Amino acid sequence: MAGHSKWSKVKRFKGALDAKRGKIFSRFSKEIMVAARMGGGDLYLNPRLRTAVLAARAQNMPSDTIERAIKKGTGEIEGGIVEELMYEGYGPGGVAIMVEAATDNKNRTAADIRSIFAKNHGNLAASGAVSYMFRRKGQIAIGKTGVEEDRVMEAALEAGAEDLITDEDLYIVTTPHDHLYQVGEAMKNAGIHLESQKLTFVPNTMIAVVHEELASQVLRLCDALEENDDVQSVYSNFDISDELLARLSS
């Protein structure tokens, strides 16, 4: 799970990307629309939708905005069809990058992503070029406050999780991609509060980026991708030391 830990740490060092509430709401709306379109608008029958809605509520997303996104997804009201897309590419130093997007205009998004790669010392690659370097996994984040690691570990493993690691302020539970929701529900039923649960891509191996200029270029590329309105998540296999991250963020 080094990929998760490193990217989470990067975003903590880098600051306020995820604090932009409008961007957060846009991402949740698209995820809700995609989930509703794929699995229907019933939260109890659609675990992906239920997870998205709970996460949106945790960020104080207005209920009417959530309801509108569900109805757009199911086609009850017009709003365009939002599709999930995955882009693959290489960043500076040959790091692998996967970009998860949700868009109502594939041509626009593809052009934007290609341009971002090109302007930041990277290049967009063909489908399958880097995806073999990653595994699809479920990921559950739990705040350390008020819950012991042993309790989290026991509940997670009993529910079918694969692993648990500790971050600075979180427990990170890894699950098979098709067990994410059942593990999450089991842990909630055990009285454990989840900060988040989502599907993610975990790199098989990491690429060490040790030169400051190269590290700065990698981070700028990932930041630029995350800033795009259609991008939901960015995954990479770079490994930048905490010391270098701190220096770049000072």
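The lining of the second largest pocket divides into four nonpolar, four polar and six charged residues; here Ala, Val, Leu, Ile, Met, Phe, Trp, Tyr, Cys and Pro count as nonpolar, Asp, Glu, Lys and Arg as charged, and the others, Gly among them, as polar. This is a predicted model, in which local features need pLDDT of at least 70 and side-chain atom pairs count only at pLDDT 80 or more, while totals for chains, interfaces and linings use all residues. Residues are numbered from 1 along each chain as its sequence is written, and side-chain values use heavy atoms, with hydrogens and water left out.

The second largest pocket holds about 170 Å³ of space. A pocket is an open set of points on a 1 Å grid over the protein atoms alone, where a 1.4 Å probe fits and protein lies on both sides within 12 Å along at least five of seven lines; lining residues have an atom within 4 Å of a point. The volume is the space filled by probe spheres set on the points. Of the 14 lining residues, S29, K30, M33, K72 and V82 are the closest to the centre of the second largest pocket. Helix α4 gives the largest share of this lining, four residues. Helices (H or I, at least four residues) and strands (E, at least two) are DSSP runs, numbered from the N terminus.

Strand β2 (residues 96-103) pairs with β9 over five bridges, and S236 in β9 is the bridge partner of I97.

A further open sheet of four strands runs β5-β6-β4-β7, also with antiparallel pairing. Here β5 (163-166) and β7 (196-203) are the edges, each with a single partner strand, so one side of each has no neighbour in the sheet. Between β4 (residues 134-143) and β7 there are eight bridges, and K137 stands opposite T200 in β7.

Helices α8 (residues 212-227) and α9 (residues 242-249) pack at about 75 degrees, with axes 11 Å apart. Axes are lines fitted to C-alpha atoms over the stretch in contact, and angles run from 0 to 180 degrees between N-to-C directions. The pair is therefore roughly perpendicular, a term for angles of 65 to 115 degrees. In this contact (heavy atoms within 4.5 Å), E212, A215, S216 and L219 of α8 meet L244, L245, R247 and L248 of α9.

Terms used:
Two strands pair if DSSP finds at least two bridges between them. Angles under 35 degrees count as roughly parallel, over 145 as roughly antiparallel, 65 to 115 as roughly perpendicular and the rest as oblique.
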